[in-house]
Every structure is written in C-alpha cells, then in structure tokens.
Amino acid sequence: SKSPINYGNTRQEFIRRGLFIRADFGFRNFLFLEGSYRRDYTSTEPAGHYIDSKSGGLSFVFSDLIKKAVPFISYGKIRGSIGQLLNTLGYNQLNSLYGIGVQQWNGNITTAVPNNLVDPALQGATNVEKELGIEMRFLKNRIGFNVTYWDRTNKDFPVDLTVPAQTGFTVISKNAGELAKKGWDVTGFIKPIQSKNLDWDISATWGYLTKNEVVSIFPGLTRLNLDRTGAFATSSSAYAVNEVGQPWGQIFGGGIKKINGVPQLTSGGLFIREADTKFGSALPQYTGGVQNTFNLFKHFTININIDYSYGGKFFSLSDFWGTFSGLTARTAELNDRGIPLRDPVADGGGVHVFGVDATGKAVDYYVDGQTYFHQFRNNNISENSIYDLTFVKLRELSLGYKIPVEKLGIGK
C-alpha cells in the first residue's frame with residue numbers, strides 16, 4: 001500500500017479453575033430442596049484470591065395433591081430461590097498498562113504512563129439474585145404459563161471512578177457502588193390446534209423492568225459518566241450516565257435549547273446548544289416476543305417469530321455523520337414548498353425551521369440545507385440523532401422439511 005499498514009497481533013490468556021458442590025433433596029416427589037456452593041479461582045484476580053458463590057432453592061409441586069379435585073390442572077409448581085452470580089475482573093483490569101510509543105529517544109523505546117490508576121484492593125464480586133415464581137399447565141398440557149418475580153442487587157462491583165487530573169491520573173478502578181433491579185418475566189404457551197396433519201403451537205414471553213436504580217456509587221460521588229472511549233464520545237456523541245437515585249444508564253448529550261418545549265432559534269434560524277441534556281434511559285421498559293410453530297403433515301415445519309420492545313432511547317452515530325455528510329434520505333427531501341431542500345433558499349429551497357426567539361416570540365426561517373445539517377456536528381448537538389428504542393419486528397420466518405430417512409432406508 002502507499003501508506004504503512006496498520007496491523008496488530010494480540011494474544012490473551014485467561015485461566016479459571018473452580019470447585020463445585022451441589023445437593024438435591026426430594027420428599028414424596030412434591031417437595032424439593034436444592035443447594036450449591038462454588039469457589040472460583042481466576043487468573044484476572046489478585047494472587048491467592050478466590051470468589052465464593054452460593055445458591056439455594058425450594059419448590060413445591062402441588063398438582064399431584066389436587067389432581068382428583070381439580071383434574072384440568074396438568075401441572076402446578078411454586079418455587080423460590082436465592083443465588084449469587086459471579087462478576088470477576090476482566091483481562092488486565094488489575095494491571096496498569098504502559099503504552100509503547102512509536103518514537104524513540106536517544107535510541108531508547110518510550111512509554112506512556114496510563115491515565116488509569118488501579119486500587120491494589122480491586123477484586124471481583126458477586127451479584128445476589130432472588131426469585132419467586134409459579135408454573136402452571138392445564139388441559140393435558142395444552143395451555144400454560146410461567147411467572148417469575150426477580151430481585152437483583154449488584155454491590156461493590158469493579159468500576160472506574162473519575163479523579164482530578166492534578167493527581168496525575170484521570171480514572172481510578174475500585175470496588176464501589178450498588179445497583180438495585182427488580183422485574184417480572186412471564187412466559188405462556190397454548191396449542192390451539194392438535195390433529196393428525198396439523199399442530200399449531202404458540203408461545204410468548206414478556207419481561208418488565210420495574211426498578212433499575214443506582215443506589216450508590218462511591219462516598220462523596222453522586223454521578224458517574226460511563227465509558228466514554230468510543231468515537232467522539234467526549235464531543236458530539238451522546239453518553240451514558242449513572243446517577244444516584246436515578247435509573248441505570250441514562251443517556252445525556254448536547255441538546256436543543258427550548259423555551260416552554262419549543263426550540264429557541266438564533267437570528268439565522270439555527271438551534272442553540274444546551275449542554276448535558278437528558279434524553280432518557282438506554283434500557284427498554286419491557287421486551288418480549290411471540291413464537292408460532294406449525295407442523296404440517298408430520299414433515300413440514302413453519303416458524304413465525306415476532307420480537308418487540310417498548311421504551312428506551314439510543315444514539316445513532318452513523319445517522320449523525322450520515323446526516324452531516326448528506327448521505328441520509330432526510331437531507332435530500334422536498335421542503336414544504338415542494339422544492340428540494342438542497343436548492344438555494346433564494347430559489348425556494350432550504351429547510352423550514354420553526355421556533356421562538358429569546359423573548360419567546362414565535363419565529364420561522366428557511367435555512368440553507370448544508371448549513372442546517374452541519375450545525376449538529378459544528379455545535380456538538382446530538383439530539384437530532386436520538387431515536388426511540390421501541391420496535392416490533394419479524395425475527396424469523398422459516399420453512400423446514402424433515403426428510404423421512406427411515407422410509408427411504410437411509411437410517412439403516
């Protein structure tokens with residue numbers, strides 16, 4: 001190539017060893033007690049450090065006790081459990097890495113001191129999760145549901161905290177913080193048709209996040225910007241923030257200044273940037289899907305699966321730069337005069353912008369198309385590329401055929 005190529009050769013080695021013990025007890029096939037204990041040793045943890053995790057569960061299958069009184073119940077179970085989930089350190093998270101410089105000084109290789117300081121006491125942690133649920137099936141397993149309520153606490157997990165640059169570092173990695181999450185998971189199924197040549201099975205899932213709160217971050221710290229190492233994360237892009245008392249993963253960025261909900265415009269018809277604007281949560285409020293399976297004539301299978309999500313926001317960097325470069329469809333539309341907005345304003349083109357001035361008076365302008373779409377990058381306004389995360393989509397549409405190998409003699 002004309003210029004030197006960029007290349008890399010990275011190898012990472014990660015070792016994990018563990019001890020695991022599990023015990024199950026059953027009483028008359030309707031009462032079950034389960035428990036487990038695990039000890040993990042990982043190469044990313046401090047030398048000699050291990051992480052213990054424990055879990056326990058109790059379930060009561062009551063359907064056999066009432067099958068004569070309520071014959072249409074095929075299966076019924078109530079269950080509860082509590083467990084710890086491993087949250088170990090990542091590769092090299094315990095180490096401060098010195099970068100190798102391209103230039104040399106007096107024949108010696110140069111290195112760069114990292115901006116990240118690692119707490120010597122940094123270590124992995126466990127997340128505690130509790131669950132309560134009920135599972136029911138009816139009419140010889142033709143219809144049923146499974147409902148689970150869960151409560152999860154993430155505490156003292158590895159996190160990067162911002163420190164004053166006067167210390168010589170900008171970030172310190174420590175064990176800190178607490179997140180509290182609660183929600184519901186619901187699944188259901190039904191078999192509307194069951195015959196010799198046609199079976200139709202429907203199953204559906206629904207997950208609802210009722211609580212997702214940042215309980216604490218670190219003593220004296222109530223707000224933390226999440227990883228901002230992505231492209232343009234410190235300028236044009238939106239970024240995620242954790243704030244005590246607020247849901248985890250709030251999206252902030254450069255917004256459009258508004259008066260009573262209406263954009264405030266300059267005398268040239270451009271927007272005014274309002275720094276650190278809150279756009280909403282990065283997580284949807286609920287998600288789910290519906291799966292349909294049709295079995296035809298014993299050999300054909302049709303799957304139709306639909307997914308959906310409600311709530312949440314996301315920032316599109318590709319849309320941000322595509323709009324700046326004039327590559328997205330909205331930069332080539334017709335304005336309200338029926339003229340291409342890329343045409344000069346004097347010829348009827350331009351973008352028709354509505355808003356208010358500094359006094360709150362309603363104003364509107366026709367702005368040159370390039371000037372209008374360039375303002376978002378030039379002024380670091382990310383609001384124009386914030387979108388709703390809500391969607392309904394067709395996940396899968398497939399047709400399968402099961403080859404009758406036994407009839408063809410292939411199986412023999």
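**Hairpin, strands and cores in a predicted model**

Me: In this predicted model, which residue in the turn between E8 and E9 has a positive phi?
Reply: E8 and E9 form a hairpin. Four residues lie between the two strands.

Me: How many bridges join E8 to E9?
Reply: E9 covers residues 143-162. E8 and E9 run antiparallel. The bridges joining them number 12.

Me: Which strand pairs with E8 over 14 bridges?
Reply: E8 spans residues 125-138. Its partner here spans residues 73-87, and the pairing is antiparallel. That partner is E4.

Me: Which element gives the largest share of the largest nonpolar core?
Reply: That core has 18 residues; Phe271, Val351 and Ile386 are among those touching the most other members. Elements giving two or more residues are strands E14 (250-256), E21 (351-356) and E22 (362-367), plus helix H3 (369-378). The largest share is three residues, and the element giving it is H3.

Me: How many residues are in the other core, which includes Phe157?
Reply: This core lies apart from the largest one. Among its members are Phe157, Val159, Leu161 and Ala176. Its residue count is nine.

Me: Leaving aside neighbours within four places in sequence, which residues are in contact with Ile386?
Reply: Ile386 belongs to the largest nonpolar core. Sequence neighbours within four places are set aside. The contacts are Ala238, Ile251, Phe279, Lys313, Phe314 and Phe315.

Note on methods
Residues numbered from 1 in each chain as written. Predicted model: local features only at pLDDT ≥ 70, side-chain atom pairs only at ≥ 80, totals over all residues. Heavy atoms only, no water. Core = buried A, V, L, I, M, F, W, Y, C linked by side-chain atoms within 4.5 Å. Buried < 20%, exposed > 50% of the residue type's maximum accessible area, 1.4 Å probe, protein only. Contact = heavy atoms within 4.5 Å. Pairing = 2+ DSSP bridges.
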